[in-house]
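Here's a quick tour for anyone meeting this structure for the first time. Have a look at the sequence and the fold, and then we'll walk through a few spots together.

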Amino acid sequence: QVQLVESGGGLVQPGGSLRLSCTGSGGTFNIGAMGWYRQAPGKQRELVATITRFGLTNYAQSVKGRFTISRDNAKNTVDLQMNSLIPEDTAIYYCHTEDAFTGSDYWGQGTQVTVSS
């Protein structure tokens, strides 16, 4: 059973930056891709960025060029550096990973990001 814990959310002004971190623990031997998703009020949860164990990344078009996802396989962490934040980035951000062997999905509890002046 993999556990994911996020941190780093908060309130930031437009144009500012935040760095989200997620740490996996407990049975992480078969962790595959990791990623960040977000959900704004009244909207579906959407993909923000994903990264494979080998460093291949995928970004939502809306964050491309502004956000950077990275991971440390040894530490079982995945980070999301968010720059040039805009109000539309306001959402609850969730860390996600998958067990490449069993196909199980794991989600963090979510961390609130609010971009407002």
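This is a predicted model: local features need pLDDT of at least 70, side-chain atom pairs count only at pLDDT 80 or more; totals for chains, interfaces and linings use all residues.

Where does Thr28 sit? You'll find Thr28 in the loop between β3 and β4. Is Thr28 buried or exposed? Thr28 counts as buried because its relative accessibility is 12%, and buried means under 20%. Leaving aside residues up to four places away in sequence, Thr28 touches Val2, Arg53 and Asn76.

Now for the sheet. Four strands make up an open sheet, running in the order β1-β3-β8-β7, with antiparallel pairing. At the edges are β1 and β7, each of which pairs on one side only. Ignoring direction, neighbouring strands of this sheet are turned by 15° against each other on average. Zooming in, β1 and β3 pair in the antiparallel sense over five bridges, and Leu4 has Gly24 in β3 as its bridge partner.

Here's where the sheet's strands lie in the sequence:

| β1 | 3-7 |
| β3 | 18-25 |
| β7 | 67-72 |

Finally, the inside. The largest nonpolar core has 28 residues, and Trp36, Leu80, Met82 and Tyr93 are the ones with the most contacts inside it.

Technical notes
Residues are numbered from 1 along each chain as its sequence is written. Side-chain values use heavy atoms; hydrogens and water are left out. Two strands pair if DSSP finds at least two bridges between them. Helices (H or I, at least four residues) and strands (E, at least two) are DSSP runs, numbered from the N terminus. Axes are lines fitted to C-alpha atoms, for helices over the stretch in contact, and angles run from 0 to 180 degrees between N-to-C directions. Buried means under 20% relative accessible area, exposed over 50%, partly exposed in between (1.4 Å probe, protein chains only). Contact means heavy atoms within 4.5 Å. A nonpolar core is a set of buried Ala, Val, Leu, Ile, Met, Phe, Trp, Tyr and Cys residues joined through side-chain atoms within 4.5 Å.
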